[in-house]
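Dear colleague,

I am passing on the structure we spoke about. My notes on it follow below the entry.

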Amino acid sequence: MTDPAGNQAPSASAAPTNNLPPANNTGPVVEIDETVVDRNDGNDSTYGDELSTYTASITSSVLAHEYKHGRRYHSYHAGNYQFPNDEPEQDRLDMCHHVYYRSLGDRLFLAPINLDGKRVLDIGTGTGIWAMQLGELYPKAELIVGNDLSPIQPHWVPPNVKFLIDDVEQEWLEPKSYDFIHSRYMVGSIRDWPKLIRQCYQHLKPGGWVEFQDTTNRLYSEDGTLDPENNVLKLMNNLIEACGRIGIPGDFAPRIKGELEKAGFVNVQEKIFKVPVGAWPKDKRLKEIGAFTALQFIEGVEGLTAATFSEILGWSKEEITVFNAKVIADCKRRDVHCMHEIRVIFGQRPE
Ligand SMILES: C[S@@+](CC[C@H](N)C(=O)[O-])C[C@H]1O[C@@H](n2cnc3c(N)ncnc32)[C@H](O)[C@@H]1O
């Protein structure tokens, strides 16, 4: 049986890896044109106070790390990633996983590929949650490799999943060995996107698929409620500025489709999903996505600003503390209907 994108239906139901719902990769793909505001939001407490109390935990293994700004980071000598890798950040990444998964209609990927007997690479796997859910959902996939700078992935994983600690911006070892390469939420990490896309092309078997899932980081509102003084907007613009100053493009998602086509990929498609910040939409799924998006900002803003704002933008510790509090306050506002997008771009290496 296949789903609307042609993915093979799972032969076994996926067990949850933590307290997030199980993946099934079978939901309909719904691109929502109009984001309707929940006019009763003042009376609906479903995602009210909980916005500041959500927590999730995942096992981490500590091998080589650097400690600064009261947080734990990947080993200093590997890569240029500017964000922590400790448990609070891992919780934030798992919330983001949920936002992507729900936005895509409860699917882990959209490329039309049957993964039975196939080899998969997950670039910058983070906590490994995507790779592990994929391993549970596709037990007949031959191998799923999750690569990352940080050794933060659990040891108990599905038998076809393995993790590899490596810098994906360096040369890759295995040539032409994957059927599917997936990269999610890597804008803000990657310095040279055209090179990464070329590397994906070179390391895919002919006929193999690549898929990038990423957010556009310029926030907007459809009803004029987001003003330039909004602190979530300032947070994102400052992060783009900080990444830019160290040579990392902070808003590359809108350019990925063009780069895939330039690199020679065919059958390239882009799907765009609206992501609200806050539980203000009327639609139930968007309300949940918005609540988790606001939560990851509320719980994650300290990690997002700690190194970037101090080391790159030169802010003082006090300035950052005050700013973070303002971001948290603005995330909880119900009268601001702020949003951004998830873009999913997939393409095929010609046969
Ligand atoms: C924002 S997180 C996204 C994690 C994961 N892809 C997800 O969607 O849950 C970015 C991840 O990429 C990793 N990373 C950053 N630069 C990298 C590089 N050059 N090579 C490998 N991993 C990298 C970071 O350590 C971090 O875990």
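How many residues surround the ligand, and which are the closest? In this predicted model, the count is 21, and the closest are Gly124, Gly126, Val168, Arg184 and Ser189. By class, the shell holds eight nonpolar, nine polar and four charged residues. Helix 1 (87-103) and strand 4 (143-148) each give at least two residues to the shell; the largest share, three residues, is that of helix 1.

Next, strand 3. Five of the five residues of strand 3 (residues 119-123) are buried, so the strand is largely enclosed by the rest of the structure. In a regular strand, side chains alternate between the two faces of the sheet. Here Arg119, Leu121 and Ile123 are buried on one side, and Val120 and Asp122 on the other.

Strand 3 pairs with strand 4 in the parallel sense over five bridges, with Asp122 bridged to Gly146 of strand 4. Together with helix 2 (residues 129-137), these two strands make a right-handed β-α-β unit. Strand 3 also runs parallel to strand 6 (residues 178-184), joined by four bridges; there the partner of Ile123 is Ser183.

Last, helix 4 (residues 231-245). Its 15 residues reach 21 Å from first C-alpha to last, close to the 21 Å expected at 1.5 Å a residue. Its buried residues include Asn231, Leu235, Asn238 and Ala242. Among the elements covering the buried residues of helix 4 are strand 7 (204-221), helix 6 (284-312), helix 7 (317-331) and strand 9 (338-348). Just after helix 4, Gly247 has a positive phi of about 85 degrees.

Regards

Key
Residues numbered from 1 in each chain as written. Predicted model: local features only at pLDDT ≥ 70, side-chain atom pairs only at ≥ 80, totals over all residues. Near = placed C-beta within 6 Å. Nonpolar A, V, L, I, M, F, W, Y, C, P; charged D, E, K, R; others polar. Expected span 1.5 Å × (residues − 1). Buried ≥ 20, exposed ≤ 12 C-beta atoms within 10 Å, placed from the backbone. Contact = placed C-beta atoms within 7 Å. Pairing = 2+ DSSP bridges. Right-handed = clockwise from strand over helix to strand, strands pointing away.
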